[in-house]
Amino acid sequence: LKASSILLPGTPHERRWFVAAAITAGICEELLYRGFLIHYLPSNFPTLDWLTISILSGIIYGLSRAYQGMKGILQTSMTGFSYAIIYFVSGNLLSSITANQAVVINGSVIPVMIFHVLADLRPLWLWQPETKTRDKR
């Protein structure tokens, strides 16, 4: 995490904003990529079935992470595809929003909190007790 530590929140105030941003971003993503896109595609392309729509939704969701490189695009595409399947199986958007939030909290918020706890404990790992040498008389 050293390379990305500058992007991680450092203070309790920043961590609260990080959590709020992560949660609201997930809600907005689901509204856009599942709520809007899954209704837009079949209305304009009536021959598409639910599986093709799920794949397209996942790919478009993945392309929104192009700044992460090809690996980020592929991972996010698979995640977006999973959210679309959750949406189709459950029949409601709340399920995909909940799944998104679980992934965000498990994949982002918890590691950030652990990172900062470990960073705070770092001096304990580096601390070495002084060894007193006894005078042998």
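I take a helix to be a DSSP run of H or I, at least four residues, numbered from the N terminus. The model I am reading is predicted.

**Entry 1: His 39**

I looked up His 39 first. His 39 sits in helix α1. I then asked which residues His 39 contacts, leaving aside neighbours within four places in sequence. I found Arg 34 and Tyr 87. I also checked His 39 against Ile 53. The two are 14 residues apart in sequence, and their C-alpha atoms are 9.3 Å apart in space.

**Entry 2: α1 against α3**

Next I took the helix pair. Helix α1 covers residues 12–44 and helix α3 covers residues 69–90. Their axes come within 11 Å and cross at roughly 60 degrees. The pair is therefore oblique. I noted the hand of the crossing as right-handed. From α1, the contact uses Glu 30, Arg 34, Ile 38 and His 39. From α3, I listed Gly 80, Tyr 83, Ala 84, Tyr 87 and Phe 88. I sorted the contact by class: five nonpolar residues, two polar and two charged.

**Entry 3: Thr 76**

I stayed on α3 for Thr 76, which lies in that helix. Is Thr 76 buried or exposed? Its relative accessible area is 10%. Buried means under 20%, so I logged Thr 76 as buried. I then looked for a polar partner of the side chain. A polar atom of the Thr 76 side chain lies 2.7 Å from the backbone oxygen of Gly 72. Not counting residues up to four places away in sequence, Thr 76 touches Gly 58, Tyr 61, Gly 62, Arg 65 and Gln 68.

Conventions
Residues are numbered from 1 along each chain as its sequence is written. This is a predicted model: local features need pLDDT of at least 70, side-chain atom pairs count only at pLDDT 80 or more; totals for chains, interfaces and linings use all residues. Side-chain values use heavy atoms; hydrogens and water are left out. Axes are lines fitted to C-alpha atoms, for helices over the stretch in contact, and angles run from 0 to 180 degrees between N-to-C directions. Helices (H or I, at least four residues) and strands (E, at least two) are DSSP runs, numbered from the N terminus. Angles under 35 degrees count as roughly parallel, over 145 as roughly antiparallel, 65 to 115 as roughly perpendicular and the rest as oblique. A crossing is left-handed if the near helix is turned anticlockwise from the far one by less than a right angle, and right-handed if clockwise. Contact means heavy atoms within 4.5 Å. Ala, Val, Leu, Ile, Met, Phe, Trp, Tyr, Cys and Pro count as nonpolar, Asp, Glu, Lys and Arg as charged, and the others, Gly among them, as polar. Buried means under 20% relative accessible area, exposed over 50%, partly exposed in between (1.4 Å probe, protein chains only). A polar contact is a pair of N or O atoms within 3.5 Å; within protein, one must be able to donate a hydrogen and the other to accept it, and residues adjacent in sequence count only if both atoms are side-chain atoms.
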